[in-house]
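Dear colleague,

Here is the structure I said I would pass on to you, with my notes on what was found in it below. Please read the notes alongside the model itself.

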Amino acid sequence: MANELQPARGTHDLIGEDQRRHQHVIDTARRVSATYGFDEWATPLFEDTRVFARTLGETSDVVMKEMYSFQDRGGDSITLRPEFTAGVCRALVSNGLTQSLPQKVFLAGPMFRYDRPQKGRYRQFHQIDIEVLGSAEPLADAEVIACGWEIITALGIAPHVVLELNTLGDQESRQAYRNALVGYFTEHQGALSQDSLARLDRNPMRILDSKDPGDRKLVADAPTITPYLTEAAAGFYDGVRRYLEQFGVPFRENPRIVRGLDYYGHTAFEFITTKLGAQDAVGGGGRYDGLVAEMGGPQVPAVGWALGVDRLALLLDEPPPAPAGVAVVPIGETEAKALEIVQTLRRAGIRAEIAYRGNLRRRMERANRIGARAAVIIGEDDIARGVAQVKDLRTGEQEAVALGDLATRLR
Ligand code: AMP
């Protein structure tokens, strides 16, 4: 055991193609969200436990079972972040930004949840996330969703992803709906799972996304929120749908989308795929108008989503290609000149390497092994003539190129 250390359960290394897939997802999201006017933030990987315990809702799975919480050496209770939103709201308040609204934020980084690991589900996983803080307009909801859809489209996976949309209404709608659900589930409580029975009093809406097969049968006939929406809540939802149509974002309404956390109201949505088996959610989000106030700030209406990078990376059809640079190969006493050339190429933005040792054959073998697209071969005669031999490693063609033209030629 001691000489065969493995990654901790539920964690995985990102190397080679895995890392390129991940990076491609994050780079794409960063680029697309910037075109929508989002600025990148980085918040800490761990926070005071209260940041999450207070806000995610005490009945949520994340808080009940999945948080990595511990006491640090000073006796403070610390939690590795299980999601971005609570930390972002905390940061908005701590940095005095509640006077500079709206804020449009993009984030990317690792998350930690004590989940049962399986394909597409890890204990350390990665999310990209956007939040609009300080807008109560349905246009903000639609724009946030449109940006997510645009990222999914840019990744080439839109054909495998469906956007499911719902409204959770305002507080008045939710209260009326809650009562209706309690009535319905109480009538059928004999058939409810233990978990759902526990939720019946505290958070009956969570029963709607129970995975228990018995619960799901009951849920199929449970009332939907639509008849309980106030006029204002129905109007808000109309607005979101209308703007989504204007943005050309396809969606499917699903009244069972409630999201796992307590802080959502009005818009709730998920991006679902049919390609990852049981782990079918690639992301989700919604509106959370009360969260900043719970962090001790003013009332700041907000909307956002998080997408799972690991799952998006699995969905990419074509992994991004390995980078192909050039290999500089000195022959004879030309190493000093070769080093000068390799540095010139690097400063010109070209990926250039020189093997640390070996004869011509060994160095050419190395060039092939690193997948170089070209070798720049430098012999003593070449230096005398002010040229290098550039060999295209795909076609095998070789020609002399003036040293001053190398960078332009190889770019
Ligand atoms: P959630 O905040 O739970 O809706 O998570 C948002 C997205 O993060 C999900 O749709 C997944 O794509 C991803 N995600 C959540 N938990 C995990 C996990 N344990 N492993 C991998 N990805 C996850």
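Gln127 is placed in strand 6, residues 124–133, where helices (H or I, at least four residues) and strands (E, at least two) are DSSP runs numbered from the N terminus. Gln127 is buried, with a relative accessible area of 9%; buried stands for under 20% relative accessible area, exposed for over 50%, and partly exposed for what lies in between, with a 1.4 Å probe and protein chains only. Once its neighbours within four places in sequence are set aside, Gln127 is in contact (heavy atoms within 4.5 Å) with Glu83, Phe84, Leu107, Ala108, Gly109, Met111, Arg113, Ala306, Leu307 and Val309.

Before going further, please note that this is a predicted model, in which local features need pLDDT of at least 70 and side-chain atom pairs count only at pLDDT 80 or more, while totals for chains, interfaces and linings use all residues. Residues are numbered from 1 along each chain as its sequence is written, and side-chain values use heavy atoms, with hydrogens and water left out.

Next, the aromatic pairs. A search of the whole structure finds 4 of them, where rings of Phe, Tyr and Trp (its six-membered ring) pair if their centres lie within 6.5 Å, and planes under 30 degrees apart count as stacked, over 60 as edge-to-face and the rest as tilted. One of these pairs is edge-to-face, because the rings of Tyr68 and Tyr114 have their centres 5.7 Å apart and their planes at 70°. This pair links distant parts of the chain, since Tyr68 is in strand 3 (residues 68–71) and Tyr114 is in the loop between strand 5 (103–112) and strand 6, 46 residues apart. Tyr68 is partly exposed, at a relative accessible area of 26%, and Tyr114 is also partly exposed, at 45%. Another pair is tilted, because the rings of Tyr177 and Tyr228 have their centres 5.9 Å apart and their planes at 35°. Tyr177 lies in helix 6 and Tyr228 in the loop between helix 8 (213–220) and helix 9 (231–247), so this pair ties together parts that are 51 residues apart in sequence. Tyr177 is buried, with a relative accessible area of 2%, whereas Tyr228 is partly exposed, with 31%.

Helix 6 also takes part in a helix packing. The axes of helix 6 (residues 171–187) and helix 7 (residues 194–202) come within 10 Å and cross at roughly 145°; axes are lines fitted to C-alpha atoms, for helices over the stretch in contact, and angles run from 0 to 180 degrees between N-to-C directions. In this packing Arg178, Val182, Phe185 and Thr186 of helix 6 meet Leu200, Asp201 and Arg202 of helix 7.

Helix 9 holds Phe236, which is buried, with a relative accessible area of 11%. Not counting residues up to four places away in sequence, Phe236 touches Ala136, Glu137, Pro138, Asp141, His266, Thr267 and Arg287.

Two backbone features may interest you. Most residues other than glycine have a negative phi, and most peptide bonds are trans. The phi of His266, however, is near 55°, a positive value in a residue other than glycine, and the peptide bond from Leu101 to Pro102 is cis, with omega near 0°. Pro102 is found in the loop between helix 4 (85–94) and strand 5.

Finally, there is an open sheet of 5 strands in the order 13-12-14-15-16, with mixed pairing; two strands pair if DSSP finds at least two bridges between them. Its edge strands, each of which pairs on one side only, are strand 13 (352–354) and strand 16 (398–402). Within the sheet, strand 12 (residues 326–330) and strand 14 (residues 374–378) pair in the parallel sense over 5 bridges, and Ala327 stands opposite Ala375 in strand 14. Helix 12 (residues 335–347) lies across strand 12, strand 13 and strand 14, running at about 160° to strand 13. Helix 13 (residues 360–369) lies across strand 12, strand 13, strand 14 and strand 15 (387–392), and runs at about 175° to strand 12.
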